[in-house]
Amino acid sequence: MDEIISRLTDKKTRIIYTIAAALLSLFVISTVLMLYHLSGRLTEMRNHVVTIEKKTVDLEKKQTEDRGQLTLLDRRLTAFSNTPAMKAIDTLPSRVSILEKQLESIQVRQKVTTVRAKPTHKKQYYEVKEGDTLYRISRKYGLTVDELIKMNNLHEGEPLRVGQKLVVSK
């Protein structure tokens, strides 16, 4: 023990022990500070984990609800697909195809009929009566006064005569 005391009294040894104690103190303080900082980060991480766990639980509940709704929709769709209306819809493509073929057949027949038919354009006449005017006659047959004058080779200002026959068809 005397030897330890004599060493402590030695100046160089005291400086070394002082430096070692200071380094040890610095190490302890820095370790405490680092642990304090890490505990704060650990608390933040715990809070994030709790938030994530809550969101996960909420999402799982929502997923369960959605599964229930999907199951219900699937049942309704299955029920609807077995209705007479859906069965009728399933037959629509074949029915449309049949109608298209019939329409093509009708169009071919119409073309043949049109080619064979002779165009007939009979002129329609109107016999002028007392009080008639070009304006009234033109309105009656959907013409303009100018068209009526040209179709009948009339002159502007020429009076109409009772019994006169006018062409009123184009």
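These are my notebook entries on a predicted model of one protein chain.

**Ground rules.** I number residues from 1 along each chain as its sequence is written, and I leave hydrogens and water out, since side-chain values use heavy atoms. The model is predicted, and local features need pLDDT of at least 70, side-chain atom pairs count only at pLDDT 80 or more, and totals for chains, interfaces and linings use all residues.

**Entry 1, layout.** I looked up the secondary structure first. The protein chain has six helices and two strands. I took these as DSSP runs, numbered from the N terminus: helices are H or I with at least four residues, strands are E with at least two. From the N terminus, I read the order as α-α-α-α-β-α-α-β.

The chain has 170 residues, and 9% of them are buried. Buried means under 20% relative accessible area, exposed over 50%, and partly exposed in between, with a 1.4 Å probe and protein chains only. The chain exposes about 15300 Å², with 62% supplied by carbon and sulfur atoms. Those areas come from the Shrake-Rupley method with a 1.4 Å probe; for residues, only the protein chains shown count as cover. I then checked contacts, meaning heavy atoms within 4.5 Å. Of contacts between residues at least 6 apart in sequence, 49% join residues at least 24 apart.

I searched the whole structure and got two salt bridges. The criterion is a side-chain nitrogen of Lys or Arg within 4 Å of a carboxyl oxygen of Asp or Glu. Side chains of opposite charge can pair when their charged atoms come close.

One joins Arg41 and Glu44, at 2.8 Å from N to O. Both sit in helix H2 (residues 11-81), three residues apart, so about one helical turn separates them. Arg41 is partly exposed at 40% relative accessible area. Glu44 is also partly exposed, at 38%.

The other links Asp66 to Lys62, with the closest N and O atoms 3.4 Å apart. These two also lie in helix H2, four residues apart, about one turn of the helix. Asp66 is partly exposed at 30% relative accessibility; Lys62 is partly exposed at 44%.

Which residues make up the largest nonpolar core? I listed ten: Tyr126, Val128, Leu134, Ile137, Leu143, Leu148, Ile149, Leu154, Leu166 and Val168. A nonpolar core is a set of buried Ala, Val, Leu, Ile, Met, Phe, Trp, Tyr and Cys residues joined through side-chain atoms within 4.5 Å.

Leaving out residues up to four places away in sequence, Leu166 touches Gln124, Tyr125, Tyr126, Val128, Leu134, Ile137, Asn152, Leu154 and Leu160.
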